[in-house]
Amino acid sequence: MAALSTLFDVLRRWAIQNPLLGTIGMIFALAVSYTVLQIYTNLIASPLRSIPGPRLFALTKWRLAYEDYRGARTRYVNDLHRKYGEVVRVGPNEISFNSLSALKTIYGAGTVFQRHRFYRMFDAYGRQNMFSVASSVAHRDRKKLLNHAYSKTVVLSPQNSGMIEDKTRKFLSLVDNDSKDGILETFNSLHYFSMDSITQFIYGKTGGATTALTEPKNRDLLDDIINSTRRKLSFFAIHFPRLTNWLYSRQGFMESVVTNFCLLPMAKPSTYTGIRRHALLAAENLRDQDLDVTVSIAARLFNVMRTQTKGPTIDHLDIASECADQFLAGIDTTSDTLMFAMFALSQRANQSFQDKLREEILTLSEDAVVDDVVSALAADKLPYLDAVIKETLRLYAPLPGTEPRWSETDEVIDGYSVPAETVVSLSPYCLHRNERVFKDPLEFNPDRWVGDPRDVAEMKKWFWAFSSGGRMCIGMHLAMAEMTTLLASVYRKYRTEIAPEFVDVTPGVTARYEVFYDERFSQMEEHTCWIRFVRV
Ligand code: HEM
């Protein structure tokens with residue numbers, strides 16, 4: 001003890017006499033101590049130490065954060081699963097799974113795993129919504145208000161199927177009127193289709209529905225979605241949430257400092273500003289109107305606000321937050337899937353799939369088609385079209401990344417003890433690329449979904465584009481109705497091919513901080529997909 005105290009004394013005196021070297025030495029000593037502590041806590045003593053995975057990922061969360069920064073997390077984690085198996089430790093406190101048993105434990109009925117706080121970045125106007133809320137009780141209460149409106153029966157009712165058919169008709173007119181030599185940029189035009197559909201579904205025709213398909217008005221609502229610096233903002237919001245909040249909440253002089261010194265990850269107006277402003281205005285506008293509850297989600301929620309006497313109450317900001325979130329959830333997801341379906345079917349190598357699809361659509365009777373538009377009810381019953389959409393969602397899932405969950409209690413997943421608050425997840429991207437289940441997983445092959453029923457049954461268990469369990473996508477039937485109606489109508493009327501300038505190029509789309517594209521292509525253009533439509 002006396003020797004140690006003498007050593008410290010000598011070091012202290014030496015540091016006083018050599019201030020620069022002393023400071024460097026001190027920083028070095030602190031860094032070494034911190035590393036030793038991290039090694040001990042995260043590698044040696046951690047209850048997750050027996051889980052396979054690269055040491056550096058287990059040692060520090062910044063290793064995975066670096067993959068986020070590069071926009072490569074999901075692909076990287078998929079490579080780790082190929083190397084280490086179905087369970088991989090991807091952070092000091094984070095595990096990625098890729099098995100059906102883990103899927104059931106984490107997301108299945110009655111699970112104790114909740115949405116991670118990561119989802120709070122989808123709160124709007126300071127209010128949580130069905131997507132961002134973690135507690136299963138609060139979630140159940142909110143979902144109860146919306147379940148019926150999103151059921152297949154209501155989505156395919158004359159009012160909603162009529163709306164989808166009307167938007168499809170407008171899309172076909174856009175193809176005829178806005179294309180040059182039949183060539184149309186489909187990333188944007190399909191966004192107009194999905195935005196007009198979801199806004200009419202949420203707000204009703206006169207309560208805030210956009211008209212992007214027919215008029216340039218409202219098209220700029222998509223600008224902040226398309227802006228690629230949105231990925232940088234997502235990265236900051238996830239890894240530096242307090243700093244990001246602080247930067248964006250500055251006012252006056254400090255606001256000009258953070259703006260002029262380019263400290264904001266994404267310039268204002270930042271992601272979703274336009275959409276959130278639109279949603280707030282729509283909610284304020286509808287607040288005092290007499291509303292028919294059957295015409296929109298907003299009308300249903302306002303009816304609850306005005307009449308509810310039992311259970312948790314909601315106010316107009318809760319409604320605005322709910323609607324803004326569903327507005328967002330209904331745009332990219334549906335339009336990106338439609339775009340990739342057309343992109344895949346237009347590849348020369350995939351012509352036989354397109355021919356098979358058209359053959360099926362042409363079997364529809366005349367009364368299933370009005371003004372070139374296939375009815376939503378008829379489109380819903382086409383098995384090969386369903387296979388095409390499934391295959392598109394498998395290979396190009398619009399939300400391919402991890403869906404993080406955690407539990408307040410210690411649990412066991414796939415035989416591993418998982419302490420409370422460990423982040424656990426699966427991702428559609430990894431599940432859909434399991435080559436034991438999906439032969440040649442990178443090949444677009446709708447035929448796989450109409451093959452041997454035993455293989456199809458197995459593949460369906462692994463198909464996870466809409467998630468599963470209580471937090472599964474509520475908009476699935478709406479999205480499917482939009483996609484089947486539009487694709488059936490397009491492929492009944494046109495043959496599609498890749499426009500000459502886009503041959504050998506893949507479109508890229510943004511999900512969180514990553515860009516997703518067809519990995520088999522070496523050239524990628526973000527938010528662009530040029531397709532030629534040829535009348536048949
Ligand atoms: C192809 C289209 C779509 C796909 C692939 C898709 C996929 C998903 C996925 C994977 C989730 C779970 C996300 C997670 O837990 O991290 C989800 C949730 C959700 N989706 Fe979709 N979605 C689509 C279209 C839509 C549409 C059109 C809406 C319309 C409002 C919508 C609304 C929602 C909502 C509100 C949730 C949260 C559900 C809850 O927490 O209970 N989605 N979706």
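Select Phe 353 first: in this predicted model, Phe 353 counts as buried, at 10% relative accessibility.

Next, turn to the aromatic cluster formed by Trp 62, Tyr 69, Phe 235, Phe 236 and Phe 240. The structure holds 22 aromatic pairs, and within one of them the rings of Phe 235 and Phe 240 have centres 6.3 Å apart and planes at 65°, so they too are edge-to-face. Here Phe 235 is buried, at 9% relative accessible area, whereas Phe 240 is partly exposed, at 29%.

Now select the ligand and look for its iron atom, whose single donor from the protein is the SG atom of Cys 473, 2.3 Å away. Cys 473 is found in the loop between helix 23 (453-462) and helix 24 (476-493).

Then colour strand 15 (residues 530-535), which runs antiparallel to strand 4 (residues 183-185) and is joined to it by 3 bridges, with Glu 185 partnered by Trp 530. Strand 15 also pairs with strand 11 (residues 494-498) in the antiparallel sense over 5 bridges, and there Ile 498 has Ile 531 as its bridge partner.

Finish at residues 20-40, where an unreviewed UniProt entry places a "transmembrane region"; in the model this stretch is 100% helix, with its end C-alpha atoms 30 Å apart.

How values were computed:
Residues are numbered from 1 along each chain as its sequence is written. This is a predicted model: local features need pLDDT of at least 70, side-chain atom pairs count only at pLDDT 80 or more; totals for chains, interfaces and linings use all residues. Side-chain values use heavy atoms; hydrogens and water are left out. Donors are N, O and S atoms within 2.8 Å of the metal (3.2 Å for Na, K and Ca); water is not among the atoms, so sites may look incomplete. Helices (H or I, at least four residues) and strands (E, at least two) are DSSP runs, numbered from the N terminus. UniProt positions are given in the numbering used here, feature names are shortened, and annotations may be inferred rather than shown by experiment. Two strands pair if DSSP finds at least two bridges between them. Rings of Phe, Tyr and Trp (its six-membered ring) pair if their centres lie within 6.5 Å; planes under 30 degrees apart count as stacked, over 60 as edge-to-face and the rest as tilted. Buried means under 20% relative accessible area, exposed over 50%, partly exposed in between (1.4 Å probe, protein chains only).
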